[in-house]
Amino acid sequence: MSTTTERVKATLGKRYAREKRFRFYGLASIALSILFLVILLADIIGKGYPAFTSTYIKLDVQLDAQTLGVTADSTPEQLRTANYNAVIQNSLNTLIPGVTERKEKKALKDLVSGDAKYELQRMVADDPTLIGTNQSVWVLADDDIDTYYKGNIDRTLPESDRRIKDFQLVWLDKLEADGRIESQFNSIFFTRGDSREPEEAGILSALIGSFYTLLVTLALSFPIGVAAALYLEEFAPKNNFWVDLIEVNINNLAAVPSIVFGLLGLAVFIQLFGVPRSAPLVGGLVLTLMTLPTIIIAARAALRAVPPSIREGALGIGASKTQTVFQNVLPLAMPGILTGTIIGMAQALGETAPLLMIGMIAFIMDVPSSVTSPSTVLPVQIYLWSDSPERAFVERTSAAIMVLLTFLVSMNLLAVILRKRFERRW
Amino acid sequence: MTEATIDMTTTALPKTNTVTSGGREEFAHTISGTIGKPYLDGKDAKFFCRGVNVFYAGEKQAIFDVNMDIGKNEVIAMIGPSGCGKSTFLRCLNRMNDTIPGCRVTGDLKLDGEDIHDREQDPVLLRARVGMVFQKPNPFPKSIYDNVAYGPRLHGLAANRSELDEIVESSLRKAGLFNEVKDRLQAPGTGLSGGQQQRLCIARTIAVSPEVILMDEPTSALDPIATATIEELIDELRASFTICIVTHSMQQAARISQRTAYFHLGYLVELNDTKTVFTNPQHQLTENYITGRFG
């Protein structure tokens, strides 16, 4: 055997060992990332899924005209201000008789959520002929009751350590035995705005706020970003000091901490231009500044990936520079540009810090109706709820995170699908 | 000029050391102008080139003082080793060099007596008159029909749909592609074979009815059969167009061209009837090249 063969053989074992080690490191790091991801998701889903159901209590209400203080012929305004509290109080007194102590009376009233009277109000407003009849209604339970039924209050603890007292437990056991307690899908979470009461709090206002904010961001950042990328990539002189300076600055902007953009938005858009604060308009403007570098960089990469032969082909036939760019280059770069845009939008959807600076942290109950009405966005809503001590808000925080993640994942998925679908080979 | 010297030595094969093929300085004074018949005395010239120099960014000169005429309805082949400037010169003829940042062309270049590099000359109009086919087939990622119709649509050459159909069909016929694709005009042009794609590009170019077609190594990416088809096509197209073709294949130049220009390191060394160039080259460098001693 020649010496080369022997020497190579001597090193082979070492080489293969190194290769195996390297593969092991790679696999280990991937496994670690997946583990953390699973822990994160399991925690969020584990905490969040109970928020999708709510506990309801069945009440037999007597909608009699005397207690309510209205008749079927009353005006809508009178129907709205009728004494529904008394009706609920009466109904509860019938279910749990013999409550006399003041503290217990208050506790009895608090079994049901503050939303119960609005539920009755809506029923009567829809159909005033219900006045004078007896009705069975499922009303929302208070968040403490809900928390108890979701197993988050341990009844074996000493009474002083839990939010539900012994006498309340007796009532609940009685109601449950009567089949008056039920868990239902929590539609309120998706159809209402924020509330001080966790059982009445929903994410709709934040969702719509996010939608308007992203709409403004997209409408501004996409055309501006694509135009800037087209100019820089196709028309700007190469090796020019000013063009290079602009390029460097765009890359730097992509790395600027987002809170700085928030301060800029506060100083320029709100103070200088008088854009209403807390509005999706100003949020969109600030997020546009943040998203622009991402879109410009992605769009330039996509334009650069279009082979020069396509440009030459068009120019060689006599297309002008602009025709070449818009008819031949841009369509080919579009999938890449769209992918970059969607990723930029996903970033904007998850952005919180700059929006705190421009007042989008306000407590907003109403669903915003336009880009100038005060609103909040999903990540800020999550931030607000995560500050609340009630167990029910902890649930809702995780549930809102799940909703936000769902949107982010679908947006990224859309980007992948677009890329696959329009990918061209040449 | 050191770069050029290095170029020279790397392109020379070792066995050529008996032949004079040294550096530029040595070579530069072996020519006091182009050898052969660069001018078309008394005949109409399509292109008129006098003292053409091309500089790339950083004042690197790619073409040195090229003087030549290109006649109507002739196929002129430009040959020479890699980096000799033949493609650069070809791209001067329709101002494709404008797209290269820092590229500068000086000298007198005229198409039918009009200055090509004049400020008044519109490059878009020029390129409609002087079409170009590239080395790598580059059909647009559109249908075959749209590829051919692109130019006519761009320049508004067809008044209506049926006229456009006519232009597309006749262009495809002239390019010898119609029978192969007539049933799938709406199929993507990028789905054709390499040779078909190149003929599609030729059809796309002639759809604009240019006066001149520039071809930059049109068959270098194709197999011999596709190459033969394109060569036949070029011979047929000569009746209607002036064709300038850059090629690396001397056999191809000998087969299809009437005149052949030999470029070397940016100089036009020799330009003569194709037959003369290949049977009786006047310059030592030309002889070295065509006999395969280097290049």
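In this predicted model, 13 residues of domain 2 of chain A are in contact with 15 residues of domain 3 of chain A. On the domain 2 side of this contact, helix H7 (143-149) and helix H9 (188-191) of chain A each give two or more residues. By class, that side of domain 2 has 4 nonpolar, 5 polar and 4 charged residues. The centres of domain 2 and domain 3 of chain A, taken over C-alpha atoms, are separated by 45 Å. The domain assignment of chain A places domain 2 at 51-196 and domain 3 at 204-422, and it also gives domain 1 at 3-49.

For residues 207-415 of chain A, UniProt lists "domain: ABC transmembrane type-1" in an unreviewed entry. This span is 77% helix and 0% strand, and its end C-alpha atoms lie 21 Å apart.

**The contact between chains A and B**

Chain A contributes 18 residues to the contact between the chains, and chain B contributes 21 residues. On the side of chain B, at least two residues each come from helix H4 (123-129), strand E7 (130-133), helix H5 (144-155) and helix H8 (194-206) of chain B. Of these elements, H5(B) gives the most, with 4 residues. The side of chain B that touches chain A divides into 11 nonpolar, 7 polar and 3 charged residues.

Helix H14 (residues 308-317) of chain A has buried residues at A:Glu312, A:Gly313, A:Ala314, A:Leu315, A:Gly316 and A:Ile317. The cover over the buried residues of H14(A) includes helix H15 (321-349) of chain A, and from chain B it includes H4, E7, H5 and H8. Just after H14(A), A:Gly318 takes a positive phi of about 110°.

**The sheet of chain B**

Strand E7 of chain B also belongs to an open sheet of 7 strands with mixed pairing, in the order E1-E11-E10-E4-E9-E8-E7 (chain B). Strand E1 (35-36) and E7 of chain B are the edge strands, each pairing on one side only.

| Strand pair | Sense | Bridges | A bridge pair |
|---|---|---|---|
| E7(B) and E8(B) | parallel | 4 bridges | B:Met132 and B:Leu214 |
| E8(B) and E9(B) | parallel | 5 bridges | B:Asp216 and B:Val246 |

Strand E8 (residues 212-216) of chain B is largely enclosed by the rest of the structure, because 5 of its 5 residues are buried. In a regular strand the side chains alternate between the two faces of the sheet. In E8(B), B:Val212, B:Leu214 and B:Asp216 point one way, whereas B:Ile213 and B:Met215 point the other way, and all are buried.

Note on methods
Residues numbered from 1 in each chain as written. Chains lettered and ligands numbered in written order. Predicted model: local features only at pLDDT ≥ 70, side-chain atom pairs only at ≥ 80, totals over all residues. Domains from an automatic or database assignment. Contact = placed C-beta atoms within 7 Å. Nonpolar A, V, L, I, M, F, W, Y, C, P; charged D, E, K, R; others polar. Buried ≥ 20, exposed ≤ 12 C-beta atoms within 10 Å, placed from the backbone. Pairing = 2+ DSSP bridges. UniProt positions renumbered as here; feature names shortened; annotations may be inferred.
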